[in-house]
Amino acid sequence: MAGFAPESSVTPEIQRIAPRETQYLRDERTPNRFLVHRKVFTDQQIFEAERRKIFDKCWIYVGHESEIPKPGDFVAREVAGRPVLFTRNKDHELRVLLNSCSHRGAEVCRERRGNQKRFRCFYHSWAFSNDGDLINMPDEGGFPEGFRKEDHGLAKPEQVDSYRGFVFATFNPEQEPLEDYLADAKYYLDLTADQAPDGKGMSVTPGTHEYSMRSNWKLLAENSSDGYHAIPVHKTYLDVQRSRGDDIAGSTEKDWKDSHAFDLGNGHTVTVKQAPWGRPVARWTPSMGEDTKETVERSYQRLVEGHGEERAEMIANLDFNMLIFPNLVLNNIMAVIIRTFYPNQPGHMNVTAFSLAPGDEDEASRRVRNESFLSFLGPAGLATPDDNEALESCQRGYEARPGEGWSDVSRGMDKAHPANWDELQMRTFWRRWDTLMGEEA
Amino acid sequence: MSFRYAEEKKVSSEKFTRAEVEDFLYYEAQLLDAWKLEEWRDLFEEDGHYIVPSTDNPDGDLAMDLALIDDDHEGLRGRVQRLMSTYAHIENPRSRTRRIISNVRLWDHDNGELGVRCSVVVYRSRVPGTTSYVADVHYRLRKQGDSFGIAFKHAMLDHHTLRDVGGVLSIIL
Ligand code: FES
Ligand SMILES: [Fe+2]
């Protein structure tokens with residue numbers, strides 16, 4: 001397998017990146033050190049600055065096109081702290097509308113999902129199209145001369161765009177185009193989208209995991225690709241898989257093969273490896289059960305037919321954990337998870353997670369996928385709840401001595417080729433975060 | 001897989017009394033509250049299922065959609081193995097739980113299984129805080145000796161999300 005390594009990986013991190021010392025970060029050379037000040041997890045002013053400098057500036061994930069396949073389909077959700085309607089107009093175009101009435105602010109839609117041509121506000125009955133235009137209201141003649149309906153549409157993000165089915169919005173008029181922003185992350189979005197070799201493309205499975213953590217959101221950005229924690233935190237998951245017949249040594253270096261960590265540009269990161277678990281697309285292991293072997297092999301055959309041997313091998317066998325800055329995780333592991341999270345306090349975040357699967361997956365394959373997903377992932381999975389506990393435990397530590405202390409994120413810093421159990425991926429996130437936080441809002 | 005009862009005013013079983021079904025449900029609750037999870041697991045039939053649907057999709061397609069928990073016998077075995085370990089970090093120390101079961105309704109299925117529906121409140125206390133889960137629980141039970149085996153347990157949470165009930169669901173309902 002080749003082709004997955006970005007240009008940035010040619011030059012070792014400490015030669016490629018200039019050292020820096022700010023109020024938040026110590027990124028030092030000779031000796032190499034990387035420290036993050038713990039006030040970034042507890043401080044209310046830093047949290048408010050993040051809303052303006054990070055979440056109001058970056059491209060933020062909204063949803064997947066498959067969630068709203070038909071004109072009029074909509075999903076109501078929170079994006080970057082704002083309630084939005086993710087919808088499609090009559091011409092099939094994607095729309096993201098603020099779910100807050102231009103009249104006096106009430107929600108114009110009270111359902112969580114559905115199909116509607118109009119959104120009618122329940123407070124005074126103003127009605128909006130799914131382009132966000134104000135269509136009509138009761139007693140139109142009562143408004144003063146000069147009142148124009150076209151001035152009273154629903155607010156919208158500055159830009160909305162999608163890449164291979166993944167839809168993003170930004171509230172920043174100066175933000176660069178989405179494709180430029182995504183930089184080398186596009187390669188991995190392609191690898192994910194290509195899991196559906198024919199037919200309907202990839203599709204979000206109905207059933208959303210909506211949960212929360214009493215910890216700062218940046219801890220989850222770190223944790224989602226932290227290879228160093230997998231063995232100690234997820235021992236029970238690995239033990240269960242081993243007891244089902246999988247070949248698991250219980251040692252990071254033995255179990256995660258061909259492992260690398262990469263800087264994908266603009267703060268996006270990925271770790272790649274071949275992990276010890278099975279993958280519905282398409283790597284069978286004994287823990288999946290003898291009766292599923294044929295189903296998984298059929299999935300592999302479909303990849304070969306659609307993409308040829310070489311790419312099929314890459315799609316089937318390359319496990320990766322990707323972070324698209326600031327708050328989108330796309331983990332392509334024992335299943336494909338889309339995970340996004342947003343803070344509502346320095347010490348609390350809401351997490352939303354979806355399973356992404358080939359749109360034309362049959363029942364047998366879906367069964368393999370759902371079992372594989374839930375064996376590890378989700379707020380009732382055999383692994384994710386322990387991540388919650390680890391992050392909440394860290395947060396309790398920070399809150400016990402607010403504004404004090406530094407966290408060490410230096411692992412693998414002086415390696416030419418860091419692995420997933422090193423911390424290049426986190427340093428890449430933190431450097432981007434620090435740069436944006438240092439800019440004027 | 002149909003497990004719903006008909007929306008009739010009055011449903012009951014011709015073969016079983018509410019009291020014997022309640023005895024079984026209270027026994028199951030006692031095992032769970034005492035963390036005797038291996039004994040709880042063994043209440044399930046070989047082809048048994050334990051399902052908790054996602055909170056935004058309570059009536060979803062059991063064959064295709066993503067649930068929170070979707071355990072067959074092998075899944076149950078793994079879940080219990082994990083929860084008995086001190087390495088299940090979120091359950092170390094273990095939650096204290098107390099289940100209250102009420103509103104028990106029963107009806108006979110054509111295949112001889114017994115349909116049960118009940119309301120369950122589970123108080124769950126950890127050192128960092130206490131929460132409670134409320135669920136609408138459906139069973140399909142099979143007569144086994146002087147008791148029952150669980151062929152199907154479907155616990156539908158009465159919460160829109162898990163966000164205000166402890167963040168996650170690391171216990172068995
Ligand atoms: S607030 Fe919506 S119509 Fe008045
Ligand atoms: Fe983890």
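Colleague: How many salt bridges does the rule find across the interface of chain A and chain B?

Modeller: This is a predicted model, in which local features need pLDDT of at least 70 and side-chain atom pairs count only at pLDDT 80 or more, while totals for chains, interfaces and linings use all residues. Residues are numbered from 1 along each chain as its sequence is written, chains are lettered from A and ligands numbered from 1 in the order in which they are written, and side-chain values use heavy atoms, with hydrogens and water left out.

Across the interface of chain A and chain B the rule finds 5 salt bridges, a salt bridge being a side-chain nitrogen of Lys or Arg within 4 Å of a carboxyl oxygen of Asp or Glu. In one salt bridge the side chain of Arg244(A) meets that of Glu74(B), at 3.5 Å from N to O. The rule also finds 27 residue pairs in polar contact across the interface of chain A and chain B, with both residues at pLDDT 80 or more; a polar contact is a pair of N or O atoms within 3.5 Å, where within protein one must be able to donate a hydrogen and the other to accept it, and residues adjacent in sequence count only if both atoms are side-chain atoms.

On the side of chain A that touches chain B, the elements giving two or more residues include strand 15 (209–213), helix 7 (235–243), helix 11 (363–376) and helix 12 (384–400) of chain A, where helices (H or I, at least four residues) and strands (E, at least two) are DSSP runs numbered from the N terminus. Helix 11 of chain A supplies the largest share of that side, 7 residues. By residue class, the side of chain A that touches chain B divides into 12 nonpolar, 13 polar and 16 charged, with Ala, Val, Leu, Ile, Met, Phe, Trp, Tyr, Cys and Pro counted as nonpolar, Asp, Glu, Lys and Arg as charged, and the others, Gly among them, as polar.

In the contact (heavy atoms within 4.5 Å) are 41 residues from chain A and 36 residues from chain B. The area buried between chain A and chain B comes to about 3,300 Å², and carbon and sulfur atoms give 51% of it; buried area is the accessible area (1.4 Å probe) that two parts lose on being put together, summed over both.

Across the interface of domain 1 and domain 2 of chain A the rule finds 4 salt bridges. Asp56(A) and Arg82(A) also meet through their side chains in a salt bridge, at 2.9 Å from N to O.
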